[in-house]
2 protein chains.
Amino acid sequence: MSFKFEILKKSKKSRARVGRITTDRGIINTPIFMPVGTQATVKTMTPDALKEIGAEIILSNTYHLLLRPGPELIKEAGGLHKFMNWDKPILTDSGGFQIYSLAHMRKITDKGVEFTSHIDGKKHFLTPESVLDIQAAYGSDISMVLDECVELPSDRKTVEKAVRRTTEWARKSKIQNQKSKQGTLFGIVQGGCYPELRKRSAEEIAELDFAGNAIGGLSVGESQREMFDMIEVVNEILPEDKPRYLMGVGFPEDIKGAVERGCDMFDCVIPTRLARHGTFLTDEGRLSIRQTRFERDFTPLDTTCDCYACRNFTKAYIRHIFWAREILAMQLLTHHNLRYYMRTMEKIRNEISG
Amino acid sequence: MSFKFEILKKSKKSRARVGRITTDRGIINTPIFMPVGTQATVKTMTPDALKEIGAEIILSNTYHLLLRPGPELIKEAGGLHKFMNWDKPILTDSGGFQIYSLAHMRKITDKGVEFTSHIDGKKHFLTPESVLDIQAAYGSDISMVLDECVELPSDRKTVEKAVRRTTEWARKSKIQNQKSKQGTLFGIVQGGCYPELRKRSAEEIAELDFAGNAIGGLSVGESQREMFDMIEVVNEILPEDKPRYLMGVGFPEDIKGAVERGCDMFDCVIPTRLARHGTFLTDEGRLSIRQTRFERDFTPLDTTCDCYACRNFTKAYIRHIFWAREILAMQLLTHHNLRYYMRTMEKIRNEISG
């Protein structure tokens with residue numbers, strides 16, 4: 001699988017850059033937002049709808065698909081793309097974050113991590129090598145290394161240990177990736193909110209020369225200031241000529257700040273999750289369709305938006321079907337919120353391009 | 001609003017006929033199935049998706065829309081079509097059936113029916129005249145008269161009383177409709193499972209010369225045999241040159257039998273409701289996507305189907321997202337089941353045309 005990253009334009013005002021990733025399954029214009037398709041579907045969105053909002057790549061979760069339906073079944077289906085009928089690129093995470101946030105009875109050793117499924121209590125054991133095999137079975141366009149995440153706040157010693165293990169696992173992943181030629185692999189930087197640990201982690205990961213580098217373990221409760229500080233420390237070290245992926249971030253204002261600090265790729269469940277709870281995004285901020293003031297508002301969610309929901313429906317209608325607990329309300333709000341994110345990224349790219 | 005019904009072909013083997021209804025908002029090919037959009041949305045389906053499955057008319061429920069968001073709001077929105085972004089014909093029922101099946105504390109007099117909302121306990125009073133005003137506020141292409149439904153089984157006296165009141169209300173509706181010129185109005189025949197009462201009701205309703213005639217109060221627990229018997233009694237009397245609408249029916253096999261007995265229009269929540277519970281329809285019968293035998297079935301729901309779900313996804317995938325409680329599973333199964341109904345109607349029309 002081919003993977004090429006080019007920088008097309010650098011901002012004069014910040015570390016922001018506009019770039020282009022070329023893969024066998026299509027071009028990804030960076031800075032890019034990747035809608036999250038946890039269980040092999042971006043909640044409420046058909047693949048056609050995803051293309052309509054302008055998605056160029058989606059993210060799917062190795063952990064969830066491992067538990068259900070399992071990599072063997074997905075492989076038998078012809079890979080994740082064919083299984084879910086999505087022919088553009090897919091990035092899969094390694095499951096590291098989900099193991100720490102969802103799985104039960106984790107036992108971590110240098111060899112890997114043992115845990116029981118949060119769905120059926122079944123035992124699983126994952127190693128840096130096996131998560132690559134799993135992602136290869138999915139047919140991911142971009143795979144992620146297994147990393148060790150820690151809770152925030154954690155004491156320095158705990159975080160240091162996690163950084164050490166993350167680097168060791170990254171090294172094993174790199175070796176396996178070179179041997180197996182399973183495709184494009186990204187490393188992950190950890191280090192909590194300790195600048196020196198972030199620095200060390202970034203140096204060790206950068207040295208391993210992955211196709212791209214990710215910053216993990218942020219957006220887990222720290223302040224935006226702390227997050228930006230960590231990004232600055234890390235991006236000082238991560239190579240300029242490779243894409244930088246800030247995992248699990250965030251609100252549009254977080255993304256903007258991270259782009260200015262040199263990040264290129266983002267994913268987050270916020271736009272889809274907010275939509276299912278009735279919240280929609282506009283340049284004026286987050287609004288709830290539940291509100292009485294929208295009862296007779298016969299204008300679109302956002303008059304500046306070109307999405308299917310805004311082109312065809314009013315707030316009054318979406319509010320009505322939302323209160324009537326109709327699924328279409330979630331579909332329309334999801335469509336709008338994802339399109340809002342894609343438009344935000346378009347604007348960011350245009351601003352950098354000048 | 002114009003309304004024209006033409007019979008294009010009559011079956012030589014049965015009372016079945018192929019016809020065409022012409023309205024200001026488009027042509028309806030009969031026998032037709034009308035997807036149900038109870039709360040101003042056919043559950044999980046966008047208007048685009050409805051057009052894709054070939055829907056030529058949908059049904060919406062006067063009772064539900066009366067309680068929420070109310071006819072005033074819908075009128076303010078520019079009518080139901082504009083509110084829900086559906087530009088083809090809409091038939092609205094009168095709410096009669098829902099008042100009897102959903103509302104609380106009903107009190108029926110010759111003047112009308114008083115009840116409290118099943119949503120918020122608010123009191124409402126509907127008359128034969130007011131339900132026409134409500135449907136006019138919606139901008140319905142086809143309105144239905146208020147009728148009195150009775151539980152099955154009910155004693156002859158109760159049913160006889162309901163037939164008498166249904167006729168009286170139909171007469172009032174006809175007068176109001178002629179005065180107000182609010183558009184196309186259908187009468188409704190009642191009479192439970194008593195052939196003589198069905199006969200009497202059909203004669204009285206037929207005499208009032210509505211644009212079309214409906215058969216109500218069936219598919220409420222009686223056997224298919226009883227239902228067919230009642231349809232035969234009624235359709236012997238209802239005029240040939242007007243469409244006959246069998247309300248709330250039913251499974252494909254019920255519809256086929258009713259078409260052979262001279263019915264032209266149908267609506268039912270079965271295809272959409274079954275879909276949300278994981279059941280999909282095929283010529284081999286009803287199947288559940290939950291079943292283990294579909295776990296590794298990489299063929300479409302129905303190899304003969306041309307719907308979006310069957311063109312793009314496998315049973316294995318839909319089963320996976322159904323068990324993962326993903327909304328997309330309900331969307332895809334609804335799409336398929338409605339398309340199955342539309343294809344069934346196409347086949348029925350082709351068979352009659354010979």
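Reply: Let's start with a word you'll need: two strands count as paired if DSSP finds at least two bridges between them. Keep in mind that this is a predicted model.

Now go to chain A and find strand β8, residues 113-116. One neighbour is strand β9, residues 123-126 of chain A, and 4 bridges join β8(A) to β9(A), with the two running antiparallel. To see one of those links, pick out A:Phe115: its bridge partner in β9(A) is A:His124. β8(A) and β9(A) make a hairpin with 6 residues between the strands, and there A:Gly121 takes a positive phi near 75°.

What about strand β7, residues 104-108 of chain A? β7(A) also runs antiparallel to β8(A), and 3 bridges join them. Here you can look for A:His104, whose bridge partner in β8(A) is A:Thr116.

Now for the side chains. In a regular strand they alternate between the two faces of the sheet. Check that on β8(A): A:Val113 and A:Phe115 are on the covered face, whereas A:Glu114 and A:Thr116 are on the uncovered one.

For parallel pairing, hop over to chain B. An open sheet of 8 strands there has the order β4-β14-β13-β12-β11-β10-β6-β5, with parallel pairing. β4 (32-34) and β5 (58-60) of chain B stand at the edges with a single partner strand each, so one side of each has no neighbour in the sheet. From one strand to the next, the twist averages 25°.

Zoom in on β11 (residues 184-189) and β12 (residues 212-215) of chain B, which pair in the parallel sense over 4 bridges. One to look for is B:Ile188, whose bridge partner in β12(B) is B:Ala214. Helix α8 (residues 195-207) of chain B lies across both strands, running at about 160° to β11(B).

Last, how do the two chains relate? A rotation of 180° with 0.0 Å of shift along its axis superposes chain B on chain A, with an RMSD of 0.0 Å. That's the relation of a two-fold axis. In chain B, the C-alpha nearest that axis belongs to B:Ile327, 3.9 Å away from it. The same surface serves both copies, as 100% of the contact residues of chain B recur in chain A.

Definitions and conventions
Residues are numbered from 1 along each chain as its sequence is written. Chains are lettered from A and ligands numbered from 1 in the order in which they are written. This is a predicted model: local features need pLDDT of at least 70, side-chain atom pairs count only at pLDDT 80 or more; totals for chains, interfaces and linings use all residues. Copies are superposed by least squares on the C-alpha atoms of residues with pLDDT of at least 70 in both. Two residues are in contact if their C-beta atoms, placed from the backbone, lie within 7 Å. Axes are lines fitted to C-alpha atoms, for helices over the stretch in contact, and angles run from 0 to 180 degrees between N-to-C directions. A residue is buried if 20 or more other C-beta atoms lie within 10 Å of its own, exposed if 12 or fewer, and partly exposed in between; C-beta atoms are placed from the backbone.
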